[in-house]
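Welcome, and thanks for taking a look at this one. Please have the sequence and the coordinates open side by side as you read.

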Amino acid sequence: SPIIEISNHCDFECPICIVWNENNYNMSFEEFKKTIDGLIEKEGTLELCLLSGGEPTLHPEFFKLAEYAANKKEIKRVLISSHGLKIARDDEFAKKFKELGLYLSLQFDSLRNDNYQEIRGASLLQNKMKCLERCEKYNIPTIFVPTVARGFNDKELGEVVNFALNHDFVTSVTIQPAAY
């Protein structure tokens with residue numbers, strides 16, 4: 001399934017990120033439209049389409065792009081690969097996210113702040129929990145994507161999976177090994 005990097009902007013510099021965030025590119029709507037239409041032309045139907053980055057929610061026209069993809073009957077699910085901060089900080093954003101029927105592919109590495117500090121370079125647990133609160137409130141289908149790094153958070157993977165299983169809006173867990 002296609003991954004479309006709509007922006008290389010990010011508000012973090014995670015030590016384990018596989019993306020080099022140069023913070024100098026946002027895909028234009030025209031380019032996005034051409035990409036989506038081209039994929040549909042070639043593939044017919046797409047089970048899912050993942051909008052990625054950087055942090056895709058930082059794209060100045062994020063909802064315009066997401067809505068274009070979400071309104072295509074040939075695309076069954078539009079996933080947004082995100083750290084979840086925009087949802088955590090902005091209830092209106094979360095509401096619109098749900099209204100468009102978007103799926104959240106949430107970077108969720110740990111249930112401990114020190115691990116976020118180590119892996120992401122910031123204390124993120126509070127924001128992750130606020131994001132999940134809003135996902136629950138609006139029933140946003142969420143996929144947990146823990147990046148697992150040996151010696152940091154590998155021992156708590158079971159806890160993360162159990163935590164996911166205890167939330168009905170969490171549809172799955174996709175484990176991503178850390179890349180150095």
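## A predicted model

Please keep in mind that this is a predicted model. Every distance and angle quoted here is computed from that prediction.

Let's start with strand 2, which covers residues 46-52. Is this strand mostly covered or mostly open? Six of the seven residues in strand 2 are buried, so the strand is mostly covered.

Strand 2 has a parallel partner in strand 1 (residues 3-5), and three bridges join the two. Within that pairing, Ile 3 stands opposite Leu 50 of strand 2. Strand 2 also runs parallel to strand 3, this time with five bridges. Here Leu 48 has Arg 77 in strand 3 as its bridge partner. To get from strand 2 to strand 3 the chain passes through helix 2, giving a right-handed β-α-β crossover.

## Salt bridges

How many salt bridges does a search of the whole structure find? The search returns ten.

Lys 76 is exposed, at a relative accessible area of 52%, while Glu 47 is partly exposed at 47%. Arg 77 joins in as well: Glu 47, Lys 76 and Arg 77 are linked in a network of salt bridges.

In one, Arg 112 and Glu 159 form a salt bridge whose closest N and O atoms are 3.7 Å apart. Arg 112 sits in the loop between strand 4 (103-107) and helix 5 (113-120), and Glu 159 sits in helix 7 (residues 157-165), so this pair ties together parts that are 47 residues apart in sequence. Arg 112 is partly exposed at 36% relative accessibility, and Glu 159 is partly exposed at 40%. In the other, Lys 64 forms a salt bridge with Glu 61, the closest N and O atoms being 3.7 Å apart. Lys 64 is partly exposed at 42%, and Glu 61 is partly exposed at 32%.

Glu 55 lies in the loop between strand 2 and helix 2 (62-70). Why does Glu 55 have no salt bridge? The nearest side chain of opposite charge, Lys 128, is 7.7 Å away, and a salt bridge needs its atoms within 4 Å. Glu 55 is also buried.

What Glu 55 does have is a polar contact, side chain to side chain, with Ser 82 at 2.7 Å. Residues that Glu 55 touches, leaving aside those up to four places away in sequence, include Ser 7, His 9, Cys 10, Asp 11 and His 83.

## A positive phi

Most residues other than glycine have a negative phi. Asn 139 has a positive one, near 55 degrees. Where is Asn 139? Asn 139 is placed in the loop between helix 6 (125-138) and strand 5 (142-145), and is partly exposed at 47% relative accessibility.

Terms used. Residues are numbered from 1 along each chain as its sequence is written. This is a predicted model: local features need pLDDT of at least 70, side-chain atom pairs count only at pLDDT 80 or more; totals for chains, interfaces and linings use all residues. Side-chain values use heavy atoms; hydrogens and water are left out. Helices (H or I, at least four residues) and strands (E, at least two) are DSSP runs, numbered from the N terminus. Buried means under 20% relative accessible area, exposed over 50%, partly exposed in between (1.4 Å probe, protein chains only). Lys and Arg count as positive and Asp and Glu as negative; His and the chain ends are not counted. A polar contact is a pair of N or O atoms within 3.5 Å; within protein, one must be able to donate a hydrogen and the other to accept it, and residues adjacent in sequence count only if both atoms are side-chain atoms. Contact means heavy atoms within 4.5 Å. Two strands pair if DSSP finds at least two bridges between them. A crossover is right-handed if, with the strands pointing away from the viewer, the path from the first strand over the helix to the second runs clockwise.
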